[in-house]
Amino acid sequence: MDILKRMMHLRDIAAPLESSIQSRTANLQRVSKHTEDFLRTLPDRSVYTTPGAKDETMQAMQVSTGAATLEEALNIVECFVDGVGHNLGSGRFFAYIPSGSLHEAALADYIAAISNRYAGVGHAAPGVTRMDETLLRWLADVVGYPSTSEGDLTSGGSLAALSAIVTAREAFSITSQQTQNAVIYATSQTHHSFTKAVYVAGLGECVMREVAVDQDQRMNAKVLEKLIEQDNAAGLKPWFIAATAGTTNIGAVDPLNDIADIAAKHDVWLHVDAAYGGAFALCTDGKQRLSGLERSDSLILDPHKGFFLPCGTGVVLVRDGQKLYNAFNARGVYMQDVEEDPERSPCDLSAELTRPFRALRLWLPLKMHGTDAFAAALEEKLLLAQYFYEQVSAIPGIEVGSPPDLSIVPFRYVPKSGDADNYNRLLIDAIVADGRIFLSSTLLTGKFTLRMAILNYMTHLQDVDIALTVIKEKITALNEVST
Ligand SMILES: *Cc1c(COP(=O)(O)O)cnc(C)c1O
């Protein structure tokens with residue numbers, strides 16, 4: 001029987017896929033050495049390293065018909081992946097929005113991948129679904145949402161925003177005929193992923209109103225209300241406000257209570273993008289700064305930012321959970337066995353069916369450290385930002401705005417003569433080239449501005465002091481060159 005012989009032969013070739021306890025133990029030890037080497041050297045690693053030639057990298061990464069050792073594979077990872085680009089996990093990464101990489105979250109990913117629960121369907125993995133729900137309930141409490149709310153753990157803020165806007169679209173029955181009359185309100189500071197979500201949700205033809213911001217880049221609620229009244233008078237349909245609790249640019253929190261009043265009065269869906277800022281609701285000071293967040297119809301927040309998780313976890317919460325369900329529940333005949341399940345499955349509340357077990361990477365760190373540790377770390381970040389703001393404003397020539405709403409501080413140096421934008425461009429290049437800290441820049445009312453974003457659990461006073469030292473050194477050096 002040729003077929004039997006062939007099967008035996010194929011089975012022999014594929015045999016290494018089935019790991020033995022010896023190989024698993026050895027591999028785990030080797031991987032553990034790899035990750036410990038990384039963590040041990042992280043404080044001394046440059047926060048940014050430029051990659052080598054692309055061809056060379058891709059050549060090295062090539063997979064082939066034959067096998068390589070774990071040793072060889074890890075060397076490639078070290079050299080071509082971990083050795084280049086940003087070191088997001090560093091306590092001196094102050095660019096964009098920093099992310100953490102809690103070790104317990106990495107262990108959770110490992111555990112989840114080993115048992116490989118089918119996380120999309122409650123019937124298949126009731127424990128996973130209930131852990132999802134436990135965390136979403138807890139998050140709803142943290143932000144002040146009622147028990148009618150439901151949510152979803154997504155891959156990040158962008159897809160969480162997509163879920164929110166699709167939910168609102170269905171709740172308001174915005175059909176394709178109506179999009180051209182339906183109005184969405186946002187500001188110049190709204191994250192670009194929101195605009196993308198609008199397009200992906202098939203709402204690209206909606207009228208997009210850019211609501212003016214005040215001098216601190218917060219949505220001007222008076223202007224918002226005037227625009228809504230004008231649009232109503234013109235026969236348009238105002239239906240969606242995209243407010244932000246912690247803009248990516250400078251951490252500005254829109255006046256959420258004023259906006260919630262307007263949304264309620266005019267029957268408009270209020271969505272709050274708290275992807276960056278939402279986690280601060282865990283500490284008392286932060287919760288006050290986010291007052292009004294609890295009055296929104298939907299919100300997003302990113303545990304891979306404020307809860308210090310490695311990349312890959314966002315959250316959407318919808319105040320009236322039934323609306324999230326209405327927008328996303330669906331069934332196929334091959335799922336008839338799960339039909340009777342009285343509990344909601346993540347797939348009923350999401351565009352995804354098959355999905356990774358995301359809850360565990362949030363749950364394990366929270367469970368093991370307790371939420372007090374997170375609240376303390378977050379309050380520390382608020383204080384570090386305040387400290388940085390005070391210290392950086394004291395540097396002669398540095399211009400800052402109002403005190404930070406959260407943990408991002410924009411600043412720029414205004415030279416006695418010459419082009420300020422150009423100067424700040426040189427300044428950030430010099431800071432990044434130095435390698436001790438990593439900052440990024442933005443445009444603020446058209447001006448080239450540096451920004452200090454503090455959000456890593458490993459960032460403490462000494463790291464902020466190093467940042468101040470580097471900034472002062474580079475200003476001194478630049479001024480010496482120009483005189
Ligand atoms: C990061 C961020 C997003 C996008 O979230 P991703 O997780 O990167 O998809 C949206 N809004 C704000 C305010 C953010 O900071």
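Which residue in β13 is the bridge partner of T442? The answer is given in point 4, with the other pairings of that strand.

1. Basis of the note. The model is a predicted one, in which local features need pLDDT of at least 70, side-chain atom pairs count only at pLDDT 80 or more, and totals for chains, interfaces and linings use all residues. Residues are numbered from 1 along each chain as its sequence is written, and side-chain values use heavy atoms, with hydrogens and water left out.

2. Surroundings of the ligand. The ligand is surrounded by 14 residues, and the closest are G157, S158, D273, D302 and K305. A residue is taken to be near a molecule or strand if one of its heavy atoms lies within 4 Å of it. By class, the shell holds three nonpolar, eight polar and three charged residues. In this scheme Ala, Val, Leu, Ile, Met, Phe, Trp, Tyr, Cys and Pro count as nonpolar, Asp, Glu, Lys and Arg as charged, and the others, Gly among them, as polar.

3. The side chain of S158 places an N or O atom 2.6 Å from an oxygen atom of the ligand. For the side chain of T248, the corresponding distance from an N or O atom to an oxygen atom of the ligand is 2.8 Å. H304 has a polar side-chain atom 2.8 Å from an oxygen atom of the ligand. The ligand has 380 Å² of accessible area on its own, and the protein covers 85% of it. Two or more residues of the shell come from each of the elements α7 (157-171) and α12 (303-306). A polar contact is a pair of N or O atoms within 3.5 Å; within protein, one must be able to donate a hydrogen and the other to accept it, and residues adjacent in sequence count only if both atoms are side-chain atoms. Accessible areas come from the Shrake-Rupley method with a 1.4 Å probe, and for residues only the protein chains shown count as cover.

4. Strand β13 and its partners. Of the seven residues of β13 (residues 447-453), six are buried. Strand β11 (residues 408-413) pairs with β13 in the antiparallel sense over four bridges, and I408 has A453 as its bridge partner in β13. Strand β12 (residues 440-444) also runs antiparallel to β13, joined by five bridges; here T442 has T449 as its bridge partner. The hairpin of β12 and β13 has two residues between the strands, and T445 takes a positive phi near 40° in it. Strands pair if DSSP finds at least two bridges between them. Helices (H or I, at least four residues) and strands (E, at least two) are DSSP runs, numbered from the N terminus.

5. T187 lies in strand β4 (residues 182-187) and counts as buried because its relative accessibility is 9%. Buried means under 20% relative accessible area, exposed over 50%, and partly exposed in between (1.4 Å probe, protein chains only). A polar atom of the T187 side chain lies 2.9 Å from the backbone nitrogen of Q189. Beyond four places in sequence, T187 is in contact (heavy atoms within 4.5 Å) with E210, V211, V213 and M219. H34, in helix α2 (residues 21-41), is buried at a relative accessible area of 13%. Setting aside neighbours within four places in sequence, H34 is in contact with L74, V77, E78 and D82.

6. Residues with more open surfaces should be read one by one. T49, in strand β1 (residues 48-49), is partly exposed at 28% relative accessible area. Not counting residues up to four places away in sequence, T49 touches G83, V84 and G85. T49 and G83 are 34 residues apart in sequence, with 7.1 Å between their C-alpha atoms. K226, in helix α9 (residues 221-233), counts as exposed because its relative accessibility is 56%.7. Positive phi angles. Y96 is not a glycine, yet has a positive phi of about 45°. Y96 is found in the loop between β2 (85-86) and α5 and counts as partly exposed at 45% relative accessibility. F308, also a residue other than glycine, has a positive phi near 65°. F308 is in the loop between α12 and β9 (314-318) and is buried, with a relative accessible area of 2%.
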